[in-house]
Amino acid sequence: MTPYRLSSGGLIDRSSPLSFSFDGQRLNGFVGDSLASALLANGRLLVGRSFKYHRPRGILTAGAAEPNALMTIGRDGRTEPNTRATMQELYQGLEAKSQNCWPSLDFDIGSVNGLLSPFLSAGFYYKTFMWPAGLWERFYEPVIRRAAGLGKATYQADPDGYEKIWAHCDLLVVGAGATGLAAALAAGRAGAKVILADEHSRAGGGLLSETAAVSGNSASDFLAQTLAELASLPNVTIMPRTTVFGWYDGNVFGAVERVQKHVEIPATHLPVERMWRIAAKQALLATGAEERPLVFGGNDIPGVMLAGAMRSYLNRYGVAPGRRVAIVTNNDSAYALAGDLEKAGIVPVAIIDGRADARIEGYTGKARMIRGGYVSDAHGGKALSSISIWQNGHTEKLDVDALAMSGGFSPIIHLACHRGGKPQWSDEKSAFMAPDGLNGLALAGACAGIDGLAACLEDGAAKGLALAAVLGFDGHAPTLPEISGDIVNAAPAAFKIIPGVRGKAFVDYQNDVHRKDLGLAVREGYGHVELAKRYTTSGMATDQGKLSNVNAIAILAEARGISPAQVGTTTFRPFYTPVSFGALTGVSHGKHFQPVRKSPLHDWAKKNGATFVETGLWYRSAWFQRSGETGWRESVDREVKNARINAGLCDVSMLGKIEITGKDAAEFLNRVYCNAFLKLPVGKARYGLMLREDGMIYDDGTTSRLEENRYFMTTTTAYAAGVMNHLEFCAQALWPDLDVRLASVTDQWAQMAIVGPKARTILERIVDADISNEAFPFLGAAEVSLFGGQVHGRLFRISFSGELAYELAVPASYGEAVADAFMEAGSAHGIQPYGVEALSVLRIEKGHVTHNEINGTVVPSDLGFGKMVSASKADFIGKRMLAREGLHSSERLQLVGVVPIDPATSFRSGSHILAKGAEATLENDQGYVTSSCYSPHVGSAIGLALVRRGPERHGEEVMIWNGLRGEFTPGRLVSPVFFDPTNEKLHI
Amino acid sequence: MSEFRVTLSPALGGRAAVSRKGISVEAQPEGTLLHLLVDPTMGDAVRLAADLMAAGLELRPLTTGQWFAVGDTALAHADLAALSATLKPQADIVDQSHGRVRIIVKGKMAARVLSKGTAVDLDIAVFPVGHATTTLFGHISAHVTRIGEDAFELIVLRGFAESLWDELAQMSLEFS
């Protein structure tokens with residue numbers, strides 16, 4: 001026989017039928033069903049194939065630990081593999097498919113592995129596929145992976161949305177069973193801000209399956225009443241469908257809310273999953289306990305189920321497990337199931353209790369009792385048909401179609417161990433318990449080893465109240481309800497190796513690890529718990545040993561002749577259950593993958609035909625293609641030539657800009673820069689070099705003195721934030737005695753470089769003031785008005801190109817209009833916009849450095865700035881370390897220009913420099929090319945390089961060697977200034 | 001080119017307010033936003049407040065010795081210079097009116113929507129009206145001030161304004 005739906009009972013809504021499919025077969029269920037309960041109600045025992053041996057598997061649990069009933073739900077982009085049927089709510093149209101079987105679940109070719117099982121024990125792969133070594137990646141691994149595995153992810157894009165959110169509370173209660181509800185209520189009534197999270201679709205935990213009476217009413221009535229009161233408290237938030245998966249520093253918990261995993265077509269305005277970061281002042285785990293399987297032969301045959309799960313299907317979902325049901329247990333808890341089965345008209349054919357002296361208070365059923373006995377083997381293929389009962393050396397066979405087993409309980413303490421705490425074995429509880437001294441986290445109820453509904457309610461209420469009191473919320477101890485009909489474990493179950501076992505006795509269902517595998521691991525020297533885990537794979541995969549770990553440890557302990565405490569456990573780490581990449585990603589994909597930082601001149605550049613390049617988060621215009629131009633180089637060459645002949649306009653808004661004020665601003669700058677700044681006159685700009693403490697150059701840029709105590713510093717784009725942090729550190733930590741104040745104004749100004757021989761002519765039409773060479777010479781800096789006083793900006797006569805050039809900064813929202821005005825004013829003078837590529841060519845031609853050269857290894861003298869370093873200043877950052885002997889060595893790599901001997905040839909940045917005729921070896925390496933480009937001015941490729949004694953070797957022939965590409969280009973070292981070496985153009 | 005008429009291109013120009021159930025997101029006009037850098041030995045907010053209120057500006061605490069002063073209308077260049085002179089030597093003004101963009105998020109669900117971006121606890125008991133801090137909304141740094149029981153003002157760098165706007169639109173989608 002098979003399981004079936006009872007005609008009445010359960011918390012399902014029988015007036016709301018649902019249809020769904022499993023492996024293409026249409027089936028029916030009800031609102032309130034899980035996929036697992038609906039499958040059972042439809043008589044489906046066989047729901048999956050095992051990982052290695054492809055054994056038929058049925059539903060084992062009713063919760064998060066399910067190792068067998070893993071299915072692929074949905075289709076196309078919504079395909080979700082490895083979904084636990086026990087956790088999946090049923091919805092109209094749900095499509096479920098079995099996994100790891102071919103051609104079908106019923107007839108699976110892979111099950112031949114079961115016949116080969118004598119050869120497939122733990123360690124088989126390691127021992128067998130050792131040679132030839134080359135075959136492992138090409139043959140063995142692909143074949144093994146094909147044969148063994150779980151579900152397959154889809155290659156299609158996920159059409160649904162995910163999001164992340166933060167929450168803050170006084171008390172987070174994890175688990176909304178009796179304990180958690182009592183705790184939340186006690187703390188909530190006291191006024192604490194409480195979040196109550198539960199991984200199941202409905203709050204209630206064990207109360208949803210409980211038949212004991214609470215204050216004379218049903219458990220579900222009590223639950224409804226409690227939830228109603230909690231819902232009425234504005235300071236309490238109940239979060240069902242929310243799995244708290246990790247405990248992190250700062251008492252922050254990670255949780256995933258399954259917002260729309262129970263609907264056929266998710267609403268587009270809602271995420272399907274929402275990841276919560278919950279910052280809790282205190283947290284209480286009320287996560288309950290996991291029932292342990294018993295390790296007997298065939299304990300994985302469909303029809304064998306955990307007793308608590310069977311009770312849940314019976315009472316919550318109205319599903320009977322079969323007609324001939326047996327129960328095997330080593331503790332009292334399973335007798336509650338026996339009583340419930342009898343009430344449903346199914347008298348168990350036997351209760352096999354491993355304890356010879358078992359006497360259960362509260363159970364008065366009619367089932368045959370077999371005390372001091374064990375189920376040694378279950379029999380059947382795709383469905384359970386009988387069991388062998390071992391008692392005092394005798395074996396009896398009994399026909400059954402369902403078997404409930406209970407091997408005791410393991411407190412669910414995973415979260416309590418996520419921050420490094422190790423579980424502690426308790427002989428008294430026969431289980432691993434949470435470590436002591438968890439700061440900000442307490443445990444209550446079954447996860448603290450407490451048994452029975454009354455005790456859990458009492459413990460939950462007491463701990464909820466106590467934690468609220470710690471936070472300053474005083475409440476009153478609640479009046480606890482009276483419980484009747486509850487069966488409480490008189491003593492925890494002790495683990496015993498079951499005698500008389502003949503078949504495979506599975507310890508880890510999901511990884512197909514059976515008892516003999518663990519024995520083999522011990523015999524072969526892998527008895528340490530960490531080694532045994534790797535050798536056998538017990539405790540791995542998606543369930544992370546929730547059901548298997550304690551049994552595995554007990555078997556290892558037995559085999560090694562030590563106690564479970566001495567064996568210890570492996571480490572619990574987040575995540576408690578698998579978390580989708582979607583939830584972890586949230587909205588950070590596609591358009592929202594990372595923020596875009598736009599220049600105020602972005603739209604101006606766009607309408608002028610810019611091609612953009614991502615520079616950090618900035619979108620910079622790289623070049624401006626014109627019709628007829630076929631490649632980027634053509635555009636860049638034109639822009640460069642035009643800037644040197646006529647005029648070019650370039651967006652330099654991305655440069656870091658920092659305003660510095662205060663009485664001691666000059667002194668501050670004098671200490672920050674290695675060159676002198678104290679006497680910079682008002683109205684002047686100066687190039688500055690900023691060193692690190694170790695003497696290496698950190699950043700460069702110009703700083704202008706706008707008023708006596710007001711400076712405007714520019715930094716490189718890449719180091720804008722870093723320099724700001726550096727300056728704040730200097731001001732706050734190094735020299736708090738200086739009156740200096742800093743403000744980042746990068747975004748305030750749209751800044752444009754107007755470059756070229758006609759720059760002044762064009763600029764004169766924009767700026768109101770006299771900007772003749774006499775009135776506004778090179779390195780002038782001033783606040784200016786534009787267009788007859790309509791706009792006020794800042795003008796700097798600085799040049800990064802070697803041309804007559806200015807940079808004009810205007811308030812950002814005026815940027816586009818001013819740039820438009822430049823294009824209009826300059827149209828008669830041949831103005832063209834140019835991008836960062838042309839900017840780079842112009843600066844390489846002029847021998848100006850950027851962070852290509854300022855790469856953390858250079859001191860000022862390496863770049864020809866030795867004379868800039870002040871010898872007279874008492875101190876500046878980097879002064880002491882710059883004096884180190886090695887930084888003055890004549891053998892240092894120093895800046896030099898490089899050109900190919902044959903102008904038709906080229907080379908790449910990153911190429912290395914070899915002396916002419918030297919062999920291409922690391923030992924002969926003399927430096928490397930830092931920047932390179934095609935120079936329209938020179939008519940060939942040019943480069944800047946850091947080369948040993950570079951400045952002394954101008955004119956020397958060398959070999960430019962690209963070892964990665966095998967390219968050799970004969971070249972010559974030259975001056976790094978290819979354009980206007982006497983700087984005449986700067987001063988015209 | 002005094003005949004040339006300069007026009008403004010606000011960072012969020014053309015963005016209609018996002019209005020959903022219990023939440024709205026609205027870009028403020030690019031009026032005035034001044035960064036006040038106060039001499040720690042001379043100034044405090046109280047002494048500054050009167051002069052700023054006279055100029056139609058409100059104060060937002062930024063960090064030790066620093067405030068933002070915000071207003072919906074732009075101060076003329078001369079008025080800004082005058083205000084700057086008035087506040088000296090107590091405080092230096094750095095004009096950030098174009099460098100920062102103000103976005104108002106308001107409605108019953110405002111705190112919930114913002115909590116999708118920031119780790120700051122926005123519960124009114126912890127973060128009362130007038131309270132402000134700088135935080136990250138997703139990957140974007142912004143300054144947030146509670147300006148009403150259910151209203152927040154975000155101040156963000158101009159370059160990130162569009163991205164933050166898109167994030168807020170996404171974050172509030174739940175209430176459409």
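Two strands count as paired if DSSP finds at least two bridges between them. The views below come from a predicted model.

**View 1. An open sheet of three strands in chain A.** The strand order is β22-β23-β24 (chain A), and the pairing is antiparallel. Strands β22 (373-380) and β24 (394-399) of chain A stand at the edges. Each has a single partner strand, so one side of each lacks a neighbour in the sheet. From one strand to the next, the twist averages 25°.

**View 2. The pairing of β23 and β24 in chain A.** Strand β23 of chain A covers residues 384-391. Six bridges join β23(A) to β24(A), and the two run antiparallel. One bridge links Ser388(A) to its partner Lys397(A) in β24(A).

View 3. Strand β7 (residues 100-106) of chain B pairs with β10(B) in the antiparallel sense over seven bridges. Val105(B) has Phe152(B) as its bridge partner in β10(B). Strand β9 (residues 140-148) of chain B also pairs with β10(B) in the antiparallel sense, over six bridges. Here Ala142(B) has Val156(B) as its bridge partner. Two residues separate β9(B) from β10(B) in a hairpin.

**View 4. Domains 4 and 5 of chain A.** The domain assignment places domain 4 at 656-744 and domain 5 at 889-988. Their C-alpha centres lie 33 Å apart.

Methods:
Residues are numbered from 1 along each chain as its sequence is written. Chains are lettered from A and ligands numbered from 1 in the order in which they are written. This is a predicted model: local features need pLDDT of at least 70, side-chain atom pairs count only at pLDDT 80 or more; totals for chains, interfaces and linings use all residues. Helices (H or I, at least four residues) and strands (E, at least two) are DSSP runs, numbered from the N terminus. Domain bounds come from an automatic or database domain assignment. Axes are lines fitted to C-alpha atoms, for helices over the stretch in contact, and angles run from 0 to 180 degrees between N-to-C directions.
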